[in-house]
Amino acid sequence: MFNKEVWKERFKKILSLDSHPRHIALGFAVGVFISITPFFGIHTPLAIAAAFLFRLNKLTCITGAWVNTPLTMLPVLGASYQLGRVLLGQPPGGLTIRSLEWALLKKHAAAIILGSSIIGFIVALAGYFLCYWLIVRFRKKDEALAELTREMEATGEALDE
């Protein structure tokens, strides 16, 4: 999961996909949103299901679902809980996490799901624009990809994988 070369190759594949930049970036953004949700252990299956359901690029959706790594999972969960409590009109409170099992977290479900939805939307939006910008920038370096992007932008089409 933390192999730099594997991630570098994965991003090169994403940036050079034969699809419209908006289509690629949208798949990534949906995956990022899923990665922020508190449904630990099923992010990848959720990303695959979303990719099929919404006809998104599977590679980008799954890659986006891996954005929230084990290193960031607990801080994101804590921030989601705190934001959710504030939005529900409750005072900020401590969240003691003994395990990421849903049975132990479900008493805080409303706050966690509300907070993670807001944070997930914001992070997914940022991920969309970042991914789109990276694709366009990467494709400008390769004339064939740059021409493909220009044609897609002119016609508004996206090629299916």
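Biologist: Say exposed means over 50% relative accessible area, buried under 20% and partly exposed in between (1.4 Å probe, protein chains only). Is F129 buried or exposed?

Modeller: F129 is exposed, with a relative accessible area of 51%. This is a predicted model, where local features need pLDDT of at least 70 and side-chain atom pairs 80 or more, while totals for chains, interfaces and linings use all residues. Residues are numbered from 1 along each chain as its sequence is written, and side-chain values use heavy atoms, without hydrogens and water.

Biologist: How many aromatic pairs turn up in the whole structure?

Modeller: Two, counting Phe, Tyr and Trp (six-membered ring) centres within 6.5 Å; planes under 30 degrees apart are stacked, over 60 edge-to-face, the rest tilted. Y128 and F129 make an edge-to-face pair, 5.2 Å centre to centre with 85° between the planes.

Biologist: And Y128, buried or exposed?

Modeller: Y128 is buried, at 17% relative accessible area. Y128 also stacks with Y132, at 6.3 Å between centres and 20° between planes.

Biologist: Where do Y128 and Y132 sit in the chain?

Modeller: Both are in helix α7 (residues 109-140), four residues apart, so about one helical turn separates them. Helices are DSSP runs of H or I, at least four residues, numbered from the N terminus. Y132 is partly exposed, at 23%.

Biologist: Which residues form the aromatic cluster?

Modeller: Y128, F129 and Y132 form one cluster.

Biologist: New topic. What sits over the ring of F52?

Modeller: The charged end of K58, 4.8 Å from the ring centre. The cut-offs are NZ of Lys or CZ of Arg within 6 Å of the centre and within 35 degrees of the ring normal.

Conventions
Helix = DSSP H or I, 4+ residues; strand = E, 2+ residues; numbered from the N terminus.
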